[in-house]
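Please find below my notes on the model under review. They are set out as numbered points, each on one topic.

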Amino acid sequence: MALLSEVVIRDFRNISDQRLKFARNLNVIVGRNGSGKSSLLEAVSVLGTGKAFTGATASDFVAKGCQSSMVTGTVEFAGCRVAMGVEKTRSATICRVDGQAVRSASSLAAYMPLVSLDAQMFQMAANAPAYRRGILDRTLFHVEQGYLVLFQRYFRALQNRNQLIRRSSKDDELRYWTEEFVTQGEELDRLRRKCVDRLNANLRMYVDLAALGDVSLVYAAGWREGTSLADALRESRDREQFLGATTVGPHRAGLKILLNGFPVKQTTSRGQSKLIACLIAEAQVRALENNGGESPLILVDDLCAELDRDSQERSLTLLLQENRQVFITAIYGDDLTIPSSSYDVRKFHVKHGVFSVA
Ligand SMILES: Nc1ncnc2c1ncn2[C@@H]1O[C@H](COP(=O)(O)OP(=O)(O)OP(=O)(O)O)[C@@H](O)[C@H]1O
Ligand SMILES: [Mg+2]
């Protein structure tokens, strides 16, 4: 498992200078509204991905009045200790692993994979389709070598194709980018379907523990079922010329979440949606583990709100399995039920960006 044993955070939102040592399993961050709980999770997310999980940019999180934010950490990974660091100014990101600059932030994920559960994930059923598709892509970036390159090639072909359609081009260039679009698109589709199968198999394993009923994912490719992508493009030619954009393909794919056969959006309460999000995150984590990878860190922002004690315990049991390292935030941490006394647990209180071990 990847283990973040320590972080140092400087000038990140309201955290000016903090060094924190973490427990191997569960780290609970407790504090009032606006104290700095989510900021800590965001800082960890920046260390692991170069980005904040909420989508906040450096202009949002570099502390007011400062030029840059810095997050460094010690990660135990595959039996080695690795020093990682990310410095963010409003215009640049510098990532380092063991003192050496690494070119892209995606190299960080190789040392510290992480899965985040935040308000967006908890409302995933109501979110835009792109967010749910992203669940598959974020899993695949970790489990399929080369997925990032495939993904980038597909979107480059899509962009080029769209430009040529807008120019009403009918020449070799459009033919070239259409072929590239179809090749990368069909491969993307194949891998996403495989990912959905894996996640569904994982979801079935813990459905009893979540005590919700059957949760499953249904993927729709983004073009007519039973047709090749090349044929679907031919069928949509008039429409794409009218709209000036490619109207079929994996960028239009859908992912439905079903509870007992019904779409989650219409049938679940907020607490149930939260448990479903935990179950799906667990399925993602297990997909990484089954692929021979290290267990990722799991970040959960505001787990307890809307969950009764039983659901809190179930969700923590789900996420903590296999000795994973989990970080959760809570406004009140006193009534939290820790599923097993064998877990290494540390609770932090935070006030105005200053953390103390409870
Ligand atoms: N760039 C910034 N510079 C300084 N302070 C900031 C910056 N961005 C956000 N803050 C402040 O940091 C504080 C902590 O925010 P954070 O989102 O971590 O709170 P929280 O403990 O998660 O609260 P809640 O319980 O409401 O979710 C807030 O008061 C916020 O206004
Ligand atoms: Mg918060």
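1. Backbone at Glu306. The loop between strand 12 (297-300) and helix 13 (309-320) contains Glu306. This residue is not a glycine, yet Glu306 has a positive phi of about 75°. The model is a predicted one, and the remarks that follow should be read with that origin in mind.

2. Ala211 sits in the loop that runs between helix 8 (207-210) and strand 9 (215-220).

3. Surroundings of ligand 1. How many residues surround ligand 1? The shell has 15 residues, and the closest are Gly34, Lys37, Ser38, Ser39 and Asp60. By class, the shell around ligand 1 consists of 7 polar, 5 charged and 3 nonpolar residues. Two helices, helix 1 (37-49) and helix 2 (58-61), each contribute at least two residues to this shell. The most comes from helix 1, which gives 3 residues.

4. Polar contacts of ligand 1. At Gly34, a polar backbone atom is 2.7 Å from an oxygen atom of ligand 1. At Arg13, a polar side-chain atom lies 2.9 Å from an oxygen atom of ligand 1. On its own, ligand 1 has 650 Å² of accessible area, and the protein covers 69% of this.

5. Extent and lining of the largest pocket. The volume of the largest pocket is about 1,200 Å³. Its lining comprises 41 residues, and those nearest the centre of the pocket are Thr49, Ala109, Arg138, Phe141 and His142. Elements that supply two or more residues to this lining include helix 1, helix 3 (106-111), strand 8 (114-117) and helix 4 (119-122). Helix 5 (129-143), helix 6 (147-166) and helix 12 (270-290) also belong to that group. Helix 5 gives the most to the lining, with 6 residues. Sorted by class, the lining of the largest pocket has 19 nonpolar, 17 polar and 5 charged residues.

6. Thr183. This residue belongs to helix 7 (residues 172-205). A polar atom of the Thr183 side chain lies 2.8 Å from the backbone oxygen of Glu179. Thr183 may also be considered together with Leu229: the two are 46 residues apart in sequence, while their C-alpha atoms are 9.0 Å apart in space.

Key:
Residues numbered from 1 in each chain as written. Chains lettered and ligands numbered in written order. Predicted model: local features only at pLDDT ≥ 70, side-chain atom pairs only at ≥ 80, totals over all residues. Heavy atoms only, no water. Near = heavy atom within 4 Å. Polar contact = N/O pair within 3.5 Å; in protein donor to acceptor, adjacent residues only side chain to side chain. Areas by Shrake-Rupley, 256 points an atom, 1.4 Å probe, with all protein chains shown as cover. Helix = DSSP H or I, 4+ residues; strand = E, 2+ residues; numbered from the N terminus. Nonpolar A, V, L, I, M, F, W, Y, C, P; charged D, E, K, R; others polar. 1 Å grid on protein atoms, 1.4 Å probe; cavity = no way out; pocket = protein on both sides within 12 Å on 5 of 7 lines; lining within 4 Å. Points joined across faces, edges and corners; volume = space filled by probe spheres on them.
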